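Please look over the sequence and the model before reading on.

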Amino acid sequence: MDNGMESILDTYLFETNSLLDQLDEMLMRDEKIGDFSPDDVNEIFRIMHTIKGSSAMMEFGSLSSIAHHIEDLFFYIRDKGIDTLDSQHKKELFNLMFRSEDCLRGQVEKVESGEPLDTDLDSFAAEINSFLKKISGAGEEKAAASEPAQEKAGEPTETVPAGTSVSPESLPDDKSAVCFLHVFLDEGIGMENLRAFMIVNSLKECELEFRYYPENMESNPDTCASIIEDGFYMAFESTDMAAKASDLLRTQGHIRSYELLEVAEEKQEEAPHTETAEAHTDSEGQAPSDQAKAAPKPPAPAKQASAPAKQNLISVNLMKLDSLQNLVGEIVITESMVTSSPELNQLSRDAYDSFMKSARQLRKLTDDLQDITMSLRMVPISGVFQKMSRIVRDMKQKLGKDVRLTLIGEDTEVDKTIVDSIQDPIMHMVRNAMDHGIEDTSQERISAGKNAQGEIILSASHTSSEVVISIADDGKGMNPDKLLAKAKEKGILTKPESEYSKKEALGLVMLPGFSTNKTVTEFSGRGVGMDVVKKNVESVGGVVSLSSEEGHGTTFTMKIPLTLAIVDGMKVTVGSSTFTIPIANIRQSFKILPEEIICDENGSEMVEKMGSYYPIVRLHRFYGIETEVLNLEAGILLWVETSDRSFCLFVDELIGEQQVVVKPLPAFLDYFELKNFGISGCTILGDGNISIILDIQSLHAAALENI
Amino acid sequence: MSEHINEQELTEMPGTEEVSTVERCLTFESGDLILYISTKHVIEIINNHSITKLPLMPPYIRGIINLRGQILPVVDIQLRMGKESPELASKTCIIVLDINSVSLGIIVDSVRQVIDIDLKNVRPIPLKRQQKLLDGMVTMEDGSVFMSIDCQALSSPQ
């Protein structure tokens with residue numbers, strides 16, 4: 001039971017969040033052109049209706065009521081046409097919608113984290129209502145028209161009390177009926193014919209006998225229009241039955257109103273005599289079979305109908321994808337274990353050939369499988385970018401700066417875990433660019449010879465092994481001297497001021513506790529910004545760099561490996577241990593002669609390469625591994641580099657290149673913080689042995705910086 | 001399945017009023033001690049697994065093993081208790097444990113059997129020690145003394 005609830009909640013959250021995303025996207029797009037398209041008005045109405053319904057089902061009252069009010073608002077707008085609003089109203093509407101979206105999101109987040117929902121959202125609802133009143137303006141009767149709509153979530157209103165006679169012309173031609181129930185459905189629910197049929201069915205299940213008009217509504221979608229316009233009729237042969245039915249109708253959803261109509265006297269007189277028998281066979285024979293056939297169906301088509309344009313997508317728990325990927329990794333490894341097993345040499349030549357033939361086939365399949373598994377986890381980065389346009393929009397208004405955001409390469413695909421971990425860094429950098437980067441006034445910009453409108457360019461692109469994301473603004477840029485002065489004031493300089501290069505000075509921005517803005521604003525300037533950004537990006541194996549020209553703007557560039565799970569590695573041995581070094585970090589490997597080694601006063605070794613000197617790290621010494629290869633000329637040197645750090649690693653032997661599946665070290669070992677000592681994970685080799693994966697960045701930090 | 005058997009035997013056992021105090025335990029030898037650990041923590045027992053050494057580790061962490069794709073740390077409980085441990089014999093016996101979803105293997109000399117131990121009979125060890133890895137002792141009917149491993153201490157490195 002619990003489990004069931006949980007999965008319903010998951011589905012609810014997923015659905016609501018994606019609807020809100022959709023809403024956000026639509027609002028951003030529409031705001032750009034400053035107008036709502038009629039399609040979008042319908043779409044917003046539909047989204048709100050869905051959120052209202054599902055939230056009510058989950059008993060999240062506040063969510064449901066806000067959605068309900070917005071739905072009312074859009075019901076009115078849809079009814080009157082968006083063009084009746086003047087541009088001032090439209091602007092207000094956009095602001096209101098963005099705020100409602102935030103409000104809804106806030107509530108959904110509370111649901112996610114299991115907190116209780118806000119109960120006092122009445123003021124916000126009142127705001128929506130007052131806006132509705134405002135746009136409905138003087139037309140009192142218009143406002144009145146929307147009133148019944150507001151009631152529709154509650155009990156259906158019985159507009160005409162029982163016993164009212166109406167002109168027979170409007171009623172369906174049913175001679176045996178003594179009275180009719182005339183039912184109107186909620187507006188805009190879609191698939192009215194099926195909904196009507198569902199109502200009919202549920203009444204029949206309560207052992208009521210009646211006929212309904214239009215008769216073919218379950219199979220003929222064209223009846224939709226007439227049901228929307230004129231409602232539908234249920235014909236009863238006794239008033240008792242009709243009364244019962246009208247009671248039951250109260251329990252049904254999507255009904256706006258219904259009325260009980262009695263047929264004029266003379267008809268009532270003749271009906272019972274002539275057609276009772278027929279009516280019986282009608283409802284007993286035909287209806288149940290119809291019912292059996294149709295009963296399971298309606299929910300399904302109804303659901304499809306609510307999202308006709310939806311792509312054929314399913315949502316999968318990320319955990320499942322992770323374990324799928326792990327399994328596929330295992331298969332790849334096991335496969336090479338099988339095909340390289342020494343027992344194969346005992347096969348006869350023919351048998352070996354045919355074995356290898358099938359093995360190659362298997363290889364191809366596992367390769368394909370691996371590719372597909374990898375691609376499953378890839379999602380376009382556009383979701384993150386979209387959120388940025390929202391942030392820029394909000395900040396634009398609050399800061400009063402005129403800035404446009406240009407997005408490039410939104411459809412670049414990135415591993416899901418990476419997308420999650422770079423969202424906050426990107427957000428931070430965009431905020432920084434808005435707050436500190438772009439000049440405060442357009443006057444400033446014009447006098448600097450720039451376009452009055454500031455620009456922030458957010459771009460993403462692929463290289464062979466990396467995703468490059470850059471955030472560029474054309475604002476003030478940074479002044480290295482100012483940065484240095486600031487850093488000095490904060491006491492975070494590690495060497496004399498004059499020794500800092502421009503690049504190093506800019507790099508100060510990413511140190512903890514550095515914030516150049518004197519005043520803390522709502523958006524940035526707490527000094528916990530860039531260092532957190534750097535840490536986040538590094539946690540997914542990426543690097544952040546920045547370049548800045550004073551007066552011309554600042555560019556932050558993040559380079560992040562495409563995927564975390566598979567690495568092209570070089571296997572090396574030290575003593576009895578095997579290490580894997582990411583190929584991307586290796587510049588060169590070379591043998592060395594004793595006379596090339598240069599030592600400093602502590603005996604630390606260095607080697608000259610292409611005009612620069614690089615320190616040598618003896619892996620066996622650093623890790624305390626016993627090995628017979630102690631002379632530098634006996635082993636081999638690997639020249640490795642990462643971002644701006646470059647050094648040489650001394651190892652016993654190179655074994656070869658291999659793609660490896662990265663596995664984290666057991667949680668038990670977290671205590672020892674091996675990550676800070678150059679060990680980022682491990683991998684299982686083809687023979688089942690484990691190789692340790694080195695992280696050049698932290699190895700450099702541990703071996704060379706903290707002495 | 002094991003639970004099923006457990007229940008059956010418990011109902012047959014005379015003199016146990018409080019069912020919950022009896023625990024099914026795996027006994028094993030390590031050095032000259034006989035130790036036991038509740039079977040609810042034991043995943044499996046493996047032999048002859050090659051252990052990959054990790055650098056910069058305290059000696060009692062022998063390294064990591066690859067158990068069907070899962071990477072597990074291996075703890076030598078002799079070293080963990082501060083004793084000398086002989087070089088690993090060719091027939092290393094590793095008990096794979098899951099303690100509060102921390103998985104690890106411990107190296108033992110040999111595995112004995114599974115027995116039921118009434119927790120009411122377990123006494124604390126009346127000695128002050130620095131390396132507290134054992135947290136109880138129990139005397140069996142034949143007079144031998146079994147000691148219990150403190151799972152909490154085992155699963156948190158120090």
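Strands here are DSSP runs of E, at least two residues long, numbered from the N terminus. The model is predicted.

## A loop lysine

K53(B) sits in the loop that links strand 3 (42-47) to strand 4 of chain B. K53(B) counts as partly exposed because it has 18 C-beta neighbours inside 10 Å, while a buried residue needs 20 or more.

Leaving out residues up to four places away in sequence, K53(B) touches S577(A) and G63(B). V74(B) is 21 residues from K53(B) along the chain, and their C-alpha atoms are 9.6 Å apart.

## The interface

Chain B puts 17 residues in contact with 22 residues of chain A. On the chain B side, strand 4 (61-67), strand 5 (70-76) and strand 7 (102-108) each supply at least two residues. That side of chain B is made up of eleven nonpolar residues, five polar and one charged.

## Nonpolar cores

The largest nonpolar core holds 73 residues. C648(A), L649(A), F650(A) and I106(B) touch the most other members. Not counting residues up to four places away in sequence, L649(A) touches V617(A), L619(A), L637(A), L638(A) and V640(A).

A second, separate core has 40 residues, among them V392(A), L405(A), L458(A) and L483(A).

## Helix 21 of chain A

Which residues of helix 21 (residues 696-705) of chain A are buried? They are I696(A), S698(A), L699(A), H700(A), A702(A) and A703(A).

These buried residues pack against strand 18 (612-618), strand 19 (636-642), strand 20 (645-651) and strand 23 (690-694) of chain A, and also against helix 20 (619-623).

Notes. Residues numbered from 1 in each chain as written. Chains lettered and ligands numbered in written order. Predicted model: local features only at pLDDT ≥ 70, side-chain atom pairs only at ≥ 80, totals over all residues. Contact = placed C-beta atoms within 7 Å. Helix = DSSP H or I, 4+ residues; strand = E, 2+ residues; numbered from the N terminus. Nonpolar A, V, L, I, M, F, W, Y, C, P; charged D, E, K, R; others polar. Core = buried A, V, L, I, M, F, W, Y, C linked by C-beta atoms within 7 Å. Buried ≥ 20, exposed ≤ 12 C-beta atoms within 10 Å, placed from the backbone.
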